[in-house]
Amino acid sequence: MKAVWGFCLVFLMLHTPGVLSLSTHVALIYPQDPVLRMGSNLTASCWVHPDLGVHASSLFWTLNGQQLPSSLYRVLSPTNLSVTLAGLNASKQTSGDNLVCHNHKGHILAGSCLYVGMPPEKPVNLTCWSRNTKDLTCSWVPGGKGETNISTQYTLKYKLRWYGKEKECEDYTHTQPYSCSITRDLHLFTPYEIWVEASNQLGRATSDVITLDILDVVTTDPPSGVTVSRVGQLEDQLSVRWEAPPALKDFLFQAKYQIRYRLEDSQDWKVMDDVGNQTSCRLAGLRPGTVYFVQVRCNPVGIYGSRKAGIWSEWSHPTAASTPHSERLMSGSCDSKSSGDSNSTLRRELKQFFGWVRKHAYGCSSMSMKLYDQWRVLMQKSHKARNQVLQGDKS
């Protein structure tokens with residue numbers, strides 16, 4: 001906070017023409033750099049040295065470069081002019097609002113920075129996670145309406161629950177202003193107490209204390225080596241394979257995975273939750289001749305016997321693959337009205353059977369997958385044979 005105030009006055013003196021050095025005491029403003037609550041009233045005085053030969057009635061005030069109306073002034077003495085500001089709004093800039101006293105020629109005689117805001121409220125939504133058990137990162141949100149409009153310091157504190165000494169987190173991230181990472185001297189199998197303290201010149205507040213074991217909040221790197229490939233010539237399926245996160249290779253845990261996929265020209269992802277702990281999966285019921293984007297993520301469950309599920313990793317980078325074109329579509333053929341009733345009945349029964357198999361073989365479940373594959377091959381052969389017969393009749 002002190003560094004910010006100093007910047008306000010130094011900037012004022014170095015970048016404004018006609019400034020008289022404050023060290024000569026030709027003019028002073030009181031109070032200097034006050035910190036005020038929103039809605040407060042302020043009466044500030046500008047005192048000029050008698051040797052300057054300037055009468056207070058010839059002076060004027062500006063706030064952030066805008067001249068204040070003379071109706072707010074009061075001549076206290078030949079060398080003292082005051083201004084009264086009522087119902088102050090929050091500071092428009094973190095470096096403070098510039099309240100400046102000028103002589104009749106517009107030269108700056110003295111300046112002060114006003115810091116108008118609110119005391120902090122209790123920080124909320126304190127959440128922590130550990131990347132591969134190597135660190136502990138926590139984030140939070142300012143309480144109430146958010147920022148206090150004046151410089152507020154947030155300190156993440158932690159200690160081992162029963163016998164630890166209180167410590168402060170040091171590695172605050174710049175990309176996320178309300179986040180800090182603890183990267184050393186971490187203990188597994190021991191719960192931590194963690195909280196956030198917020199303070200500024202108007203007050204302080206403390207978040208609720210959370211208690212956690214690092215093993216209960218582990219997240220991993222995304223699965224690596226994700227590949228997506230066709231399943232032979234089955235036009236409605238793709239095979240997805242991946243590798244477990246390498247950082248947890250030697251840990252005792254039971255991973256579970258999720259897959260999501262979308263069409264090339266769509267932003268709507270379809271998520272599959274029933275993948276379990278296997279590292280491969282068959283996507284079924286896809287559109288023939290279509291490009292799909294696929295991603296995989298991991299959740300480490302029960303690391304070293306923890307009874308809680310971990311935290312989902314980020315999604316892997318999208319991997320693209322296309323399903324084969326349908327022979328039926330490529331041939332341009334359609335059902336012949338001259339087909340017999342037996343063929344129509346067979347197609348109807350096969351369609352119903354296909355719907356049942358597709359429903360039960362959906363996703364990565366192994367149930368009926370072989371039967372489903374056999375059915376798709378049979379149907380494709382049937383289409384191919386039918387197309388040959390139709391083409392022979394036409395010739």
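Let's start at a turn. In the hairpin of E8 and E9, Gly-106 takes a positive phi near 95°. Five residues lie between the two strands there. Keep in mind that this is a predicted model.

Now the strands on either side of that turn. E8 covers residues 97-102, and E9 covers residues 108-117. They run antiparallel, joined by six bridges.

E8 has another partner. Strand E4, residues 60-63, also runs antiparallel to E8. Four bridges join E4 and E8.

Take the faces of E8 in turn. On one side sit Asp-97, Leu-99 and Cys-101, all buried. On the other sit Asn-98, Val-100 and His-102, and they are buried too. Both faces are covered.

Last, confidence. Mean pLDDT for the protein is 80. Of its residues, 73% reach 70 or more. Two stretches to flag. Over residues 9-23, pLDDT stays under 50. The model gives that stretch 22 contacts beyond four places in sequence. Over residues 329-340, pLDDT is also below 50. That stretch has 12 contacts in the model beyond near neighbours in sequence. Where pLDDT is low, the predicted coordinates should not be read in detail.

Methods: Residues are numbered from 1 along each chain as its sequence is written. This is a predicted model: local features need pLDDT of at least 70, side-chain atom pairs count only at pLDDT 80 or more; totals for chains, interfaces and linings use all residues. Side-chain values use heavy atoms; hydrogens and water are left out. Buried means under 20% relative accessible area, exposed over 50%, partly exposed in between (1.4 Å probe, protein chains only). Two strands pair if DSSP finds at least two bridges between them. pLDDT is the predictor's confidence in each residue, from 0 to 100. Contact means heavy atoms within 4.5 Å.
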